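The sequence and the model are shown first, and the description follows.

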Amino acid sequence: MIVVHHLNESRSQRILWLLEELEIPYEIKPYQRDAATRLAPAELKEVHPLGKSPVITDGDKVVHESGAIIDYVIRHHGKGKLAPDPKSAEYDDYQMWLHYAEGSAMLPLMLFMYVMRLGEAGGPLASRIEGEIANHLGYIDASLEGRQFLVVDSLTGADVQMSFIAEVAKAFGKLAECPNLVAWLERLHERPAWKRAIERGGAYALGR
Ligand SMILES: N[C@@H](CCC(=O)N[C@@H](CS)C(=O)NCC(=O)O)C(=O)O
């Protein structure tokens, strides 16, 4: 049985959604962020030394890092669902999105979140960060032009992985110029598996 070590209001929500899409039985071990610091509790370090979420256990195997977890779950338990044929050109795109989400797209959004806390002192960095956010969101929005999903005509792990970028961008009010991203995110949120994952995972303000 896969156990999802699930931190409230976090990237692990998309792992619950993935498992719901695949209709795989799983258990949730919940962890609560510290109300003041928003950091994960120390017990999460007992699962993996980084103490970050998501992290899953599958028997003796511990897998951390969202993109690696999505890849692992789909390869080991997906029964051919939610990923293109590994020999296809689409698979290369699928891999690109799995890596791109946390490797590139998330960085300016995280910088925005931290630099905002500096108030006026963060001013000199603001235009560079805003420019990079617009660059990345513009790229994703253009990639969704005329498409229902990022890679093929149906949902893949790439959509699951990239959904968190759109949720964070929306929470920061950055989607005004991204109609394709907004429509895609709304479609994802209408999926029954998404709704089941929200019911199981608990409060998730980001996904509104
Ligand atoms: N790139 C990692 C990021 C993991 C990460 O930073 N997770 C956040 C939650 S969204 C976390 O655990 N924060 C609590 C903390 O840093 O203590 C991934 O995608 O898995």
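The 12 residues of helix H3 (residues 66-77) should span 16 Å at 1.5 Å a residue, and the separation of the helix's end C-alpha atoms, 16 Å, agrees with this. The model is a predicted one, and the values below are computed from it.

**Helix H3 and its surroundings**

The buried residues of H3 are Ser66, Gly67, Ile69, Ile70, Asp71, Tyr72, Val73 and Ile74. Their cover includes strand E1 (2-7), strand E3 (55-58) and strand E4 (61-64), together with helix H1 (13-22), H4 and H6. After H3 comes Lys79, with a positive phi near 50°.

**His136 in helix H5**

His136 belongs to helix H5 (residues 123-143). Its relative accessible area is 14%, so His136 is buried, the cut-off being under 20%. Apart from neighbours within four places in sequence, His136 is in contact with Tyr100, Ser104, Ala105 and Pro108. His136 and Val73 are 63 residues apart along the chain, and 27 Å separates their C-alpha atoms.

**The largest pocket**

The space in the largest pocket comes to about 960 Å³. Its lining consists of 33 residues, and Arg11, Arg33, Met110, Met113 and Tyr114 are those nearest the centre. By class, 17 of the lining residues are nonpolar, seven are polar and nine are charged. H4 and helix H6 (157-171) each supply at least two residues of this lining, and the largest share, six residues, comes from H4.

**Backbone features**

Most residues other than glycine have a negative phi, and most peptide bonds are trans.

| Residue | Phi |
|---|---|
| Glu65 | near 80° |
| Leu82 | about 65° |

Glu65 is found in the loop between E4 and H3, whereas Leu82 lies in the loop between H3 and H4. Are these residues buried or exposed, or partly exposed? The relative accessible area of Glu65 is 42%, between the 20% and 50% cut-offs, so Glu65 is partly exposed. Leu82 has a relative accessibility of 13%, which is under 20%, and therefore counts as buried.

Where is a cis peptide bond found? One joins Ser53 and Pro54, with omega about 10°. Pro54 has its place in the loop between helix H2 (44-47) and E3.

Methods. Residues are numbered from 1 along each chain as its sequence is written. This is a predicted model: local features need pLDDT of at least 70, side-chain atom pairs count only at pLDDT 80 or more; totals for chains, interfaces and linings use all residues. Side-chain values use heavy atoms; hydrogens and water are left out. On a 1 Å grid over the protein atoms alone, a cavity is a set of points where a 1.4 Å probe fits but cannot get out, and a pocket is an open set with protein on both sides within 12 Å along at least five of seven lines; lining residues have an atom within 4 Å of a point. Grid points are joined across faces, edges and corners, and a volume is the space filled by probe spheres set on the points. Helices (H or I, at least four residues) and strands (E, at least two) are DSSP runs, numbered from the N terminus. Ala, Val, Leu, Ile, Met, Phe, Trp, Tyr, Cys and Pro count as nonpolar, Asp, Glu, Lys and Arg as charged, and the others, Gly among them, as polar. The expected span of a helix is 1.5 Å times one less than its number of residues. Buried means under 20% relative accessible area, exposed over 50%, partly exposed in between (1.4 Å probe, protein chains only). Contact means heavy atoms within 4.5 Å.
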